[in-house]
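Hello,

Here is the structure I promised to hand over. Please open it first, then read my notes below.

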Amino acid sequence: MPLYRDEGVVLRTHKLGEADRIVTLLTRQHGKVRAVAKGIRRTSSRFGSRLEPFMVADLQLYEGRSLDTITQADTLGAYGQIIAADYDSYTAASVMVETADKLTESDSNHQQYLLLLGALRSLSRAEHAPSATLDSYLLRALSLAGWAPSFVDCARCQEPGPHDAVVVQMGGVVCPDCAPTGSPKVEAETRELLGSLLAGDWAVVDAADAAVRSRASGLVGAYVQWHLERGLRSYAHLSSSSKMESRQ
C-alpha cells in the first residue's frame, strides 16, 4: 500500500470503533479522501486537534482498499477553534464544508480546494461578515461545478440585460420573453450585490445595506438548495442565525 503526501481541509469526521475516527478531507491533489485516523479519540493521540473540521493539514497517508490511513498530520491552517468560537462563522463554515463535500469527488479539483481554503481563512480572520463570505463562496463553488448563475443577461436565451425577473430554476435573471408569469422581480441594488458576491468585489459587498444583503442571501440560498440534490442540512442552522441577527 503506497504512501503519499498531500494537504487537505477537514470536511467532517465520525467515530469508528472505540478510539478511531473516519476523516473526510478535501485535498489539493487527490480530491475528496476518506481516511482513518487511528487512536485520535485517545487523550494521548499524536494527532490532537489537527484533524477537526475546518482545519488544514499537511498529511501523510497510505492507500487502503476502501479507506486510506492517516499516518502523519501537521497543521497548516488552525482555523477550527477560531471559527468555532463565533456562532455565525461556525454555521457559515458548516455550510461551506457540506457544500464542498457534495460538489467534489475523488478526482482532483484544485480550484474547489483553493476556494474553500480561502473562504475558511477569510472567516477565521473576520475579514467580512460571515454571511457575505458564505454567499460569495456558494456562488463561486456552484459556478466551478457548472451551475454559474447570471445576474445581468438572460440565463435562458442570453438576451443582453439588465433584467429584473429572477428564476433560480432557470439560472438567475431572465428576460420578459423567458420569464414565467408571476416571476418575482428583484431591484437593481440586490442584482448588483449578487454580481459582486460572484465576482468577489468586496468594496461593493461590504458597503451594501443590511436589507439588500438579506434579500441577496435569500436568493443565494434558494439557488443553492435548488441545484444541490437533497439540499444542505446545515443550512437550517444558518437560517436561524440570520433571523436572530436581523432582529438586532
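**Notes on the model**

A179 sits in the loop between strand 7 (172–174) and helix 5. Helices and strands here are DSSP runs (H or I, at least four residues, for helices; E, at least two, for strands), numbered from the N terminus. This is a predicted model: local features need pLDDT of at least 70, side-chain atom pairs count only at pLDDT 80 or more, and totals for chains, interfaces and linings use all residues. Residues are numbered from 1 along each chain as its sequence is written, and side-chain values use heavy atoms, with hydrogens and water left out.

A179 is partly exposed, at 21% relative accessible area. For burial, the cut-offs are: buried under 20% relative accessible area, exposed over 50%, partly exposed in between (1.4 Å probe, protein chains only). Leaving out residues up to four places away in sequence, A179 touches A165 and V174. Contact here means heavy atoms within 4.5 Å.

D177 is exposed, at 76% relative accessibility. From the C-alpha atom of D177 to that of L117 the separation is 41 Å, and the two are 60 residues apart along the chain.

**The cores**

In soluble globular proteins, nonpolar side chains tend to be buried together. A nonpolar core, as used here, is a set of buried Ala, Val, Leu, Ile, Met, Phe, Trp, Tyr and Cys residues joined through side-chain atoms within 4.5 Å. The largest one has 44 residues. Those with the most contacts inside it are M96, L116, L120, Y137 and L138. Several elements each supply at least two residues of this core, including strand 1 (3–16), helix 2 (87–103), helix 3 (110–125) and helix 4 (130–144). Helix 5 (188–199), helix 7 (210–227) and helix 8 (235–247) are also among them. A second, separate core has 15 residues, including V10, V33, F47 and I70.

What does L116 contact, leaving aside its neighbours within four places in sequence? The list is V9, L11, L26, M96, V97, A100 and Y137.

T24 is in strand 2 (residues 20–27). T24 is buried, at 1% relative accessible area. Not counting residues up to four places away in sequence, T24 touches V9, V10, L11, R12, K32, V33, R34 and D101.

**One aromatic pair**

Rings of Phe, Tyr and Trp (its six-membered ring) pair if their centres lie within 6.5 Å; planes under 30 degrees apart count as stacked, over 60 as edge-to-face and the rest as tilted. By this rule there is one aromatic pair. F54 and Y90 form it, edge-to-face, at 5.8 Å centre to centre and 75° between the planes. F54 lies in the loop between strand 3 (31–37) and strand 4 (56–62) and Y90 in helix 2, so the pair ties together parts that are 36 residues apart in sequence. F54 is buried, at 4% relative accessible area. Y90 is partly exposed, at 38%.

**Helix 4 against helix 7**

These two helices pack at an angle of about 35°, with axes 10 Å apart. Axes are lines fitted to C-alpha atoms, for helices over the stretch in contact, and angles run from 0 to 180 degrees between N-to-C directions. Helix 4 supplies D135, L138, L139 and L142 to the contact, and helix 7 supplies S217, V220, Y223, V224 and H227.

A222 is in helix 7 too. A222 is partly exposed, at 35% relative accessible area. The C-alpha atoms of A222 and E189 are 18 Å apart, and the residues are 33 apart along the chain.

**Backbone points to check by eye**

- G161 and P162 are joined by a cis peptide bond, with omega about 15°. P162 is in the loop between helix 4 and strand 6 (165–167).
- A126 is not a glycine, yet has a positive phi of about 55°. A126 lies in the loop between helix 3 and helix 4 and is exposed, at 59% relative accessibility.
- Q158, also not a glycine, has a positive phi near 65°. Q158 is in the loop between helix 4 and strand 6 and is exposed, at 52% relative accessibility.

Best wishes
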